[in-house]
2 protein chains.
Amino acid sequence: MELFYSRDIAGGICRLDQDESVHCAKVLRHRTGDEISVIDGCGTLYRCRITTDSPKGVEAMVISSEEGWGSHPYRLHMAVCPTKNNDRYEWFAEKACEIGIDEVSPVIGEHSERRVFKTSRIEKILVSAAKQSLKGAVPTVNEPVSVKEFIKAHADSSALKLIAYCFEDENTPRRSIKDVLAGNESEEIVILIGPEGDFSVAEAELAMANGFIPVHLGDSRLRTETAALAAVSAVYFCR
Amino acid sequence: MELFYSRDIAGGICRLDQDESVHCAKVLRHRTGDEISVIDGCGTLYRCRITTDSPKGVEAMVISSEEGWGSHPYRLHMAVCPTKNNDRYEWFAEKACEIGIDEVSPVIGEHSERRVFKTSRIEKILVSAAKQSLKGAVPTVNEPVSVKEFIKAHADSSALKLIAYCFEDENTPRRSIKDVLAGNESEEIVILIGPEGDFSVAEAELAMANGFIPVHLGDSRLRTETAALAAVSAVYFCR
C-alpha cells in the first residue's frame, strides 16, 4: 500500500511538502483526480483526491478519514541512551516503530560514551517506518536530556515506569519485565534503557526513588539497542 | 569480558586459528603464561593458560571448563526467508544470537525475490555476536533449502513447529504466537518466517499438513527480519 505523509491537513484540504510532492507527482506520476492515501503522523489515515498535481506542491481534497489507523492498545515511551554507533540507534528506532511505540527520548547517562545526539535523522527514519508498517501515527522524538533530568520530569507520571538495570545488588532487587507487565494493567508505559556501561548507581537510585521499577530482560546479555527492542517486544506481546 | 573462539580444543589443549591468534598474541599482546577464556561454539567456556604465544598459532592448556555457559532453556531453530537487503538478514542473525537461538536456516520461498544466499558472512557475525553476548554456543547456520524442502525435512520432528503466515483466510485460522507458546511445554521450537511476499498458499498448506501451526505475530505489519526477531523475542519471554 502506497502512503504519503503530511502535517498540513486542514479544512478538508491536504497539502504534501516538497519531497512528498515530487514523489507523488514526479516519481509516481499521480495526476489530478487520482486517489491517494495520506497519514498525518498523529494516527489518522486520509483518503484524498488530488486537485493540484504539481511536483512543487501537491494538493488533495479529503474524501474520508480513519482515526487510530494501525494503532496499538498501549502508549509506550522508550527512553534509550545513545549507542556508540549511530546506526544501531537508528535501527532500534525503525524496528521499534514497526512493532509499536509512541515516543522516543534519547537520554544521556553518566556512563554514556556518546553525549551528543541529532534527532533529525531518527525523525525521517520513523516517518518511513510508520509508512512501511502501515501506521497512521509517527512516534515523536524528543531532544536529548540527561537520565536524571528525564527521571525528574517523569516523577509525577502515573505511567508504569520501568528501568532496565543490569547490576544486581541488594539495593536493587530486579524483577523480570514480563512478570511486571503481567501484573500491571497500565496502558501507559515508560521504559529506561541504559548505555553500554549501564546506569550509574546514583541514576538507578534516583529512578527508584521516583517510582521506576527495576527490571531485567532475562538472562541474555544484550546490547543497548537489542535490550531496547526486546523491551518493546515484551510490551507488544504482554499487552 | 574478553573471549576467544576455537573449534580445536582436545586432550586438554586449545589451539586458536590464525585470526584469533593474531588478535590474542599481536593485538592484545598476550604472552605464554597468560590466562585466556575460550568458547568452543558448542556451549562450553574454557579457561586456558597460554603455552605458545605465536601470532601464527596460539596454543593453551585447559585449566577448567564450564558447559552450557550462557545457554537458554529452550532450543530454537529459525527458518527465515532471505531479505532483499542482505544487511537486514545479518542484523537479524546478530540480534537473534544475542537474545538466544540455536539454529538458522535460510529458506527460499516461492515468493522470495532473493533466491541465492551466502552463509559465510552470517557465520562470522554469529561468532562475534556469541562472544559479545557471552554465550558458549554459536548458532549453526544451514545451507539454503526451499521452504517446501525444509517443511518435508521436519515432517517427523516432535518440536513445536510454527509458521508465521500473514494471509488470513478460512483455511488458515491463525492463533497468536504468544498463546500457542503459552499452551505448549515443548523445549524444542521451529519457526518459519516468510519472505516479503509471504508464503504461497501451497507452502502454507504443506506446512500445516506436516504439523506446523499457523501463528500471527500480533497486529503490526512487520518486515521479514523484524518478524523473525519478534518471534525470537516471543520465545525468549514466553519460555
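1. A salt bridge here is a side-chain nitrogen of Lys or Arg within 4 Å of a carboxyl oxygen of Asp or Glu. Over all chains, this rule gives a count of 32 salt bridges.

2. Some reading notes before going on. This is a predicted model, in which local features need pLDDT of at least 70, side-chain atom pairs count only at pLDDT 80 or more, and totals for chains, interfaces and linings use all residues. Residues are numbered from 1 along each chain as its sequence is written, chains are lettered from A and ligands numbered from 1 in the order in which they are written, and side-chain values use heavy atoms, with hydrogens and water left out.

3. Now for chain A overall. Its secondary structure comes to seven helices and 14 strands; these are DSSP runs, numbered from the N terminus, with helices being H or I of at least four residues and strands E of at least two. The C-alpha trace of chain A spans about 65 × 35 × 30 Å along its principal axes. Of its 239 residues, 53% count as buried, where buried means under 20% relative accessible area, exposed over 50% and partly exposed in between (1.4 Å probe, protein chains only).

4. Where do the two copies of helix 2 come together? Helix 2 (residues 86-99) of chain A and helix 2 (residues 86-99) of chain B pack at an angle of about 90°, their axes 13 Å apart. Helix 2 of chain A is therefore roughly perpendicular to helix 2 of chain B (65 to 115 degrees counts as roughly perpendicular, under 35 as roughly parallel, over 145 as roughly antiparallel and the rest as oblique). Arg88(A), Trp91(A), Glu94(A) and Lys95(A) meet Arg88(B), Trp91(B), Glu94(B) and Lys95(B).

5. Glu225(B) and Lys95(A) form a salt bridge at 2.6 Å, N to O; Glu225(B) lies in helix 7 (residues 224-238) of chain B and Lys95(A) in helix 2 of chain A, so the pair joins two chains. Glu225(B) and Lys95(A) are buried as well.

6. Within chain B, the axes of helix 2 and helix 7 come within 9 Å and cross at roughly 5°, which means that helix 2 of chain B is roughly parallel to helix 7 of chain B. The residues that meet here include Trp91(B) and Phe92(B) from helix 2 of chain B, and Leu229(B) and Tyr236(B) from helix 7 of chain B. This contact has eight nonpolar, two polar and three charged residues.

7. In soluble globular proteins, nonpolar side chains tend to be buried together. The largest nonpolar core has 97 residues, and Met78(A), Phe92(A), Met78(B) and Phe92(B) touch the most other members. Its largest share, 11 residues, comes from helix 7 of chain B. Beyond its neighbours within four places in sequence, Met78(A) is in contact with residues including Phe92(A), Ile101(A), Ile191(A) and Val232(A) (contact means heavy atoms within 4.5 Å).

Note on methods: Axes fitted to C-alpha atoms, helices over the stretch in contact; angles between N-to-C directions. Core = buried A, V, L, I, M, F, W, Y, C linked by side-chain atoms within 4.5 Å. Nonpolar A, V, L, I, M, F, W, Y, C, P; charged D, E, K, R; others polar.
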